[in-house]
Amino acid sequence: METVAVIDFETTGLSPDWGDRPTEIAVVLLSGGKILDRFQSLMNPGRRIPYYVTQLTGISDEMVASAPPVETVIRQAVRFVGNRPIVAHNAAFDRKFWRSELRRLSLPGDDRSFACTMLLARRVYPESPNHKLGTLAQWLHLPSAGRAHRAMADAETAGYLLHRIRTDISRTYKIRNVDHELLARAQCTPRSSLGRVFCGC
DNA sequence: TGCCAGGCCCTCTTTAGGGCCTT
């Protein structure tokens, strides 16, 4: 089964266009539902972290003061991810920070597509109370990964969610190997045609 | 104590509007 890189950013806010920067990144390499390797680092965003974000994530100005700068960590993360497909929960959010930081560094790969576990979960589990990562983890009884809203815990949980989605799709549509290409296609496919997408492959 | 944006999806829709989700 293809190895994918599941990414999660903690940041100073919602938008790099407003000057927000990452404060932490975690990447897990996932294959067949097993975590093969992990990368995690706090980083110094060069700006203050709003109080409400610290309340949410537990990441404070004091914690990132001695951390390496964003540029250093992003270069390490890019090397760790390599050419593997990238997955995230609400991938549009992580993708825009990934792109923003790669462009700052003039690194290639800022146009890479991300597969999104939230969009997949909306289609596969429409009956879930909502499609927040924490709710899905609880609702599906996924393994506990630690404190929510920290990068490694959320990346691991998104990895477990991805594996569960693959397993349920395989069972529902009698497909043995649900690879990343199918997930990527599902990302752009209306829920009503999900069955046709997988049965058609 | 900075409460910001944007892509996706649904519907009381499509020449639009609003909710969800991420920090």
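**Exercise 1. Threonine 12**

*Solution.* 
Step 1. Contact means heavy atoms within 4.5 Å.
Step 2. Threonine 12 sits in the loop between S1 and strand S2 (22–31). Helices (H or I, at least four residues) and strands (E, at least two) are DSSP runs, numbered from the N terminus.
Step 3. Pick out one partner. The side chains of threonine 12 and aspartate 20 make a polar contact at 2.9 Å. A polar contact is a pair of N or O atoms within 3.5 Å; within protein, one must be able to donate a hydrogen and the other to accept it, and residues adjacent in sequence count only if both atoms are side-chain atoms.
Step 4. Check a distance. Threonine 12 and threonine 23 are 11 residues apart along the chain, and their C-alpha atoms are separated by 6.6 Å.
Step 5. Classify the residue. Threonine 12 has a relative accessible area of 0%, so it is buried. Buried means under 20% relative accessible area, exposed over 50%, partly exposed in between (1.4 Å probe, protein chains only).

Two notes on the model apply throughout. Residues are numbered from 1 along each chain as its sequence is written, and chains are lettered from A and ligands numbered from 1 in the order in which they are written. The model is predicted: local features need pLDDT of at least 70, side-chain atom pairs count only at pLDDT 80 or more, and totals for chains, interfaces and linings use all residues, while side-chain values use heavy atoms, with hydrogens and water left out.

**Exercise 2. Proline 22**

Decide whether proline 22 is buried or exposed, and list its contacts beyond four places in sequence.

*Solution.* 
Step 1. Proline 22 belongs to strand S2.
Step 2. Its relative accessibility is 0%, so proline 22 counts as buried.
Step 3. Its contacts beyond four places are Phe9, Glu10, Thr11, Met43, Pro45, Val70, Phe97 and Glu101.
Step 4. Look further along the chain. Aspartate 94 is 72 residues from proline 22 in sequence, but 9.6 Å away in space, C-alpha to C-alpha.

**Exercise 3. DNA strand B**

Describe the protein surface near DNA strand B.

*Solution.* 
Step 1. Count. DNA strand B is surrounded by 37 residues, and the closest are Trp18, Arg47, Tyr52, Arg123 and His131. Near means that a heavy atom of the residue lies within 4 Å of the molecule or strand.
Step 2. Sort by class. The surface has 13 nonpolar, 11 polar and 13 charged residues. Ala, Val, Leu, Ile, Met, Phe, Trp, Tyr, Cys and Pro count as nonpolar, Asp, Glu, Lys and Arg as charged, and the others, Gly among them, as polar.
Step 3. Look at the DNA side. Of its atoms within 4 Å of the protein, 49% belong to sugar or phosphate, and the rest to bases.
Step 4. Find polar pairs. A backbone N or O atom of arginine 48 is 3.4 Å from a base oxygen. For histidine 149, a polar side-chain atom is 3.0 Å from a phosphate oxygen.
Step 5. Name the elements. Strand S1 (4–11), helix H1 (51–57), helix H4 (91–104) and H5 each give two or more residues. H1 gives the most, with 5 residues.

**Exercise 4. Histidine 149**

State where histidine 149 lies and what its phi is.

*Solution.* 
Step 1. Histidine 149 lies in the loop between helix H6 (133–139) and H7.
Step 2. Its phi is near 70 degrees, a positive value in a residue other than glycine. Most residues other than glycine have a negative phi.
Step 3. Histidine 149 is at 36% relative accessibility, so it counts as partly exposed.

**Exercise 5. Helices H5 and H7**

Work out which residues join H5 to H7.

*Solution.* 
Step 1. The axes of helix H5 (residues 117–124) and helix H7 (residues 151–173) come within 10 Å and cross at roughly 40 degrees. Axes are lines fitted to C-alpha atoms, for helices over the stretch in contact, and angles run from 0 to 180 degrees between N-to-C directions.
Step 2. H5 contributes Thr117, Leu120, Ala121 and Val124; H7 contributes Ala158, Leu161, Leu162, Ile165 and Ile169.
Step 3. By class, the contact has 8 nonpolar residues, 1 polar and no charged.
Step 4. Check burial. In H5, 6 of its 8 residues are buried.
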